Amino acid sequence: MDNSYNIQNRGLYNQGVDWVTVLLYALLVVFGWSNLYAANFNPETKVFFSADAEYFKQLVWVVITIGLAGVIMMADSKMFVEFAPILYIVSLVILALTLVIGKEVNGAKAWLGFGPVQFQPVELAKISSALLVARVMSRYGFKFTMRSYVQLFTILLIPILFVLLQNDTGSALIFMVLILPMFREGLTGHILCLGAISIVCAIATLLSDVWIVMSVVYTLAILAGCVYLNHIQNKKAVFVTLLIATLVPGLAALALYLMGKEIEYELLILAGAVCVSIYFLIVAISKRVKYLLPILMYMWTGLIVSFGTDYAFENILIEHQRTRINVLFGKEEDLLGAGYNVHQSLIAIGSGGLTGKGFLEGTQTKLDFVPKQSTDFIFCTVGEEWGFLGCTFLIGIYLAFFLRLIQLAEKQHSVFSRVYGYSIVCIFFFHFAVNICMTIGLMPVIGIPLPFFSYGGSSFLGFSLMLFLFLRLDKDRQELIR
């Protein structure tokens, strides 16, 4: 009798729901809306509700989201697996359509307008990409092979390309975090190392000259190769490696000098890297040693990223983007231009002190000193009105929220549910970390909203649906959904 009852009522929207997660979500929504109200509050009018105010529009989206969340909780969880490819294709079509008929906002052509309502299609693309990645990895007999690598990375690269064409670099970066859940399922650590090397080399290039970074990468790769060759007792190979690594760039530099041409240090390093790579490949094949190949992979990743970062910074980024990066790294000071938002945000947060000025008492907020305070810089409202304790409380809620989602993801019997759970945790955490770091000047301003806090109907709806899809899957955590 009891088992029959459970089977018949398994689909009810409120049975099996993780109410701890729902409570944490509700706390974030309420706290976020109250701070959005504070950011829009006008002490002169003192009108609580205004149909034109952002906080009223956000409240409408909250109500709509509650209704859609209820529909999702009553849906069949296996439907998300079956419709993942269709939803992904639809999202790509909409992204492509946005390039043609989209509306440009803040330099990014990333919005579709339907009368008074505007929608950012990238929010749908995040959900569909996470679902499709989870579907591919949950197929029977899935293994990380070259074919699966191509399939998974293609799923991520296509929306990234569309979003980059929309000039929305911040949103494009979000798709890259969907690689992280793959490590939970056995993705090789080499990919993580390549990512770390890429980040370090990119930052180092922005802080220094590109030829210096490339020289360091080249030298470290040569030393690593020599240490390994010495370990396998191939002293001759060590000598030849050092000879090639120094002789090739040296002779090339001498030839350019004698011809009276300008010496391009980057090209000299690349010439040496090509020759060393050829020799390493010969040794790896003839001696049947495999650890030289990862060394080459790391070296070329560092060289290409360093060279590419310098080229992109000088030739692809527009002037205000370059200025933002230079301001971030202290190479320029532009308090009235690119650095104005962050400077005012820091003033607002710092003025809050330990306990804050009080709800609706923020002077920086009321006098509109911080542009985009209800979207990108909503966190500074928390700092000004609630102080250090309020910021700590908010960060604590977010961390509890993330840890709870990770705990739920680990409980899933289905690979699909587990991968999707980790995917949304990574997306939420990326938004959380980048937005707060933007607000306090630790990262460049790239237009990343704070989940459930920043004003924006499409972003709030996207984050919420992303969450409730996982909560619906969690209701069937004991099942193998594939």
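The model is predicted, so local features need pLDDT of at least 70 and side-chain atom pairs count only at pLDDT 80 or more, while totals for chains, interfaces and linings use all residues. Residues are numbered from 1 along each chain as its sequence is written, and side-chain values use heavy atoms, with hydrogens and water left out.

**Helix 18**
- A kink of about 130° is centred on Trp 386 in helix 18, the bend being the angle between axes fitted to the seven residues ending at a residue and the seven starting there.
- Helices (H or I, at least four residues) and strands (E, at least two) are DSSP runs numbered from the N terminus.

- Arg 404 and Asp 18 form a salt bridge at 2.4 Å, N to O (a side-chain nitrogen of Lys or Arg within 4 Å of a carboxyl oxygen of Asp or Glu).
- Arg 404 lies in helix 18 (residues 379-411) and Asp 18 in the loop between helix 1 (2-8) and helix 2 (19-40), so the pair ties together parts 386 residues apart in sequence.
- Arg 404 is buried at 18% relative accessible area, and Asp 18 is buried at 8% (buried is under 20%, exposed over 50%, partly exposed in between; 1.4 Å probe, protein chains only).

**Other salt bridges**
- The structure holds seven salt bridges.
- Asp 476 pairs with Arg 472 at 3.1 Å, N to O, and both residues are buried.
- Asp 474 pairs with Arg 477, with the closest N and O atoms 2.8 Å apart; Asp 474 is buried at 2% relative accessibility.
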